[in-house]
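Colleague: I've just opened this one and I'm new to it. Can you walk me through the main points?

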Amino acid sequence: MSIGCLIRVTKYQLLGTSIIVMLLGVAVAAVTLSISFSDEFVVICNIIIETNRYTRFHELAMYSGLSISIFFALLGIVCLIGITKESKYLLTVVLISFAVLFCGVVQMMYWKSTYKHLVENAVKDVYDFLYEDFMRNSSTNSKQDLMAIHSTFFCCGKNSTFSHYNSVENETCFAEGTHLKDCLQAVENRITSFMVIIEVLTLFVGTMTVYGMILTAFFCFAGYFTEDWHTKGKYQMAKQ
C-alpha cells in the first residue's frame, strides 16, 4: 500500500475518531450529571454539618467531569476541522491535546483508586455523626437526615443484622422487623457501583486517546515528510 493510500485511510479514521471524541464528551457530561444528581449523593450533600467533607469531593468531581466533557467536545471539533482542512497546525494542537489527555487518564486512574476510599469514609463519617447525635441527643434534624438516608439507600442502622433494634432504628427505619442492609455497607456498595461505571468510561477514554494519538501522529509526520501535503485531498507522491 502506497503512502498516499495510508494517509487517505488515516484521514477517514481520524474523521470517525473526532466524531467519537465529541460523543464521548457528551457521554462524560451525562455520566457526571447523572451521578452527581443521583438521589444517594443529593441526600448526603443536603446534610448541613461541619464534619460533612463529602460536599467538597462532590463539587470537585462534578466540575472536573464537566470540564473534561467540554475539553473532549472542543478536541473533537478541532480535530474535525484540522483533518478537513488538512491543517498541520491544528493537527499538531490535536496531537499535543491527545498526549495531555493521556496523562490525564493515567492520573484519573490513580485518583479513582485513591479517592474512592476518601469518598466512602467521608459519607460514612456523616452517617456516624448523625447516628451518634440522634442516639445521644435525640436531635430532630439528625432524625430527619437519618430517615432520608435510610429511605434512599434502603438500609437501616450500622449492624449487619437487625434482630434487635435500638432506639435509633426503631424511630428512623421504615420497615421494622425486616432484614435490611447495614447502611455503612450500603454506602460502600453504592459508591463501588458508581466507580465501576467511571472505570469503564475511563478505560474507553484511554483507548480512544491512544488510538487518536497514534492516528494524528502518523498523519502529521506523513504530511511533513511527503511533498504533497498542500495538495488538498490528493495523496500521490510527486515524481521528480
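Modeller: Helices here are DSSP runs of at least four residues, numbered from the N terminus. Glutamate 120, for example, lies in helix α4. Keep in mind that this is a predicted model.

Colleague: How many helices and strands does the chain have?

Modeller: Seven helices and zero strands. From the N terminus on, the order reads α-α-α-α-α-α-α.

Colleague: What share of the chain is buried?

Modeller: Buried residues make up 42% of the 240 residues. Take contacts between residues at least 6 apart in sequence: 73% of them join residues at least 24 apart.

Colleague: What is the average pLDDT of the chain?

Modeller: The average is 82, and 85% of the residues score at least 70.

Colleague: Where is confidence highest, and where is it lowest?

Modeller: Helix α2, residues 39-45, is highest, at a mean of 90. Helix α6, residues 167-172, is lowest, at 76. Over residues 160-164 the pLDDT stays under 50, and the model has 10 contacts for them beyond four places in sequence. Residues 227-240 are also below 50. That stretch has 25 contacts in the model beyond near neighbours in sequence.

Colleague: How should I treat parts like that?

Modeller: Where pLDDT is low, the predicted coordinates should not be read in detail.

Colleague: Back to glutamate 120. Is it buried or exposed?

Modeller: Glutamate 120 counts as buried because its relative accessible area is 4%, and buried means under 20%.

Colleague: Which residues does glutamate 120 touch?

Modeller: Glu188, Ile191 and Thr192, leaving out residues up to four places away in sequence.

Colleague: Let's look at α1. Where does isoleucine 20 sit?

Modeller: Isoleucine 20 is found in helix α1. Its relative accessible area is 36%, so isoleucine 20 is partly exposed. Isoleucine 20 touches Phe204 and Met208, not counting residues up to four places away in sequence.

Colleague: How far is isoleucine 20 from alanine 73?

Modeller: In sequence, 53 residues. In space, 9.6 Å, C-alpha to C-alpha.

Colleague: Now aromatics. How many aromatic pairs are there?

Modeller: The count comes to five aromatic pairs. One of them is tryptophan 111 with tyrosine 115. That pair is edge-to-face, with 6.3 Å centre to centre and 80 degrees between the planes.

Colleague: Why does that pair count as edge-to-face?

Modeller: The 80 degrees between the planes decides it, because planes over 60 degrees apart count as edge-to-face.

Colleague: Where do tryptophan 111 and tyrosine 115 lie?

Modeller: Both lie in helix α4, four residues apart, about one turn of the helix. Tryptophan 111 counts as partly exposed because its relative accessibility is 45%. Tyrosine 115 is also partly exposed, at 33%.

Colleague: Which residues form an aromatic cluster?

Modeller: Phe41, Tyr54 and Phe194 form one.

Colleague: Last topic, the backbone. What is phi at serine 138?

Modeller: Phi of serine 138 is near 55 degrees, a positive value in a residue other than glycine. Serine 138 lies in the loop between α4 and α5 (140-153). Serine 138 is exposed, with a relative accessible area of 52%.

Colleague: Why point out a positive value?

Modeller: Most residues other than glycine have a negative phi.

Colleague: And what about phenylalanine 154?

Modeller: Phenylalanine 154 is not a glycine either, and has a positive phi of about 55 degrees. Phenylalanine 154 lies in the loop between α5 and α6. With a relative accessible area of 61%, phenylalanine 154 is exposed.

Terms used: Residues are numbered from 1 along each chain as its sequence is written. This is a predicted model: local features need pLDDT of at least 70, side-chain atom pairs count only at pLDDT 80 or more; totals for chains, interfaces and linings use all residues. Side-chain values use heavy atoms; hydrogens and water are left out. Helices (H or I, at least four residues) and strands (E, at least two) are DSSP runs, numbered from the N terminus. Buried means under 20% relative accessible area, exposed over 50%, partly exposed in between (1.4 Å probe, protein chains only). Contact means heavy atoms within 4.5 Å. Rings of Phe, Tyr and Trp (its six-membered ring) pair if their centres lie within 6.5 Å; planes under 30 degrees apart count as stacked, over 60 as edge-to-face and the rest as tilted. pLDDT is the predictor's confidence in each residue, from 0 to 100.
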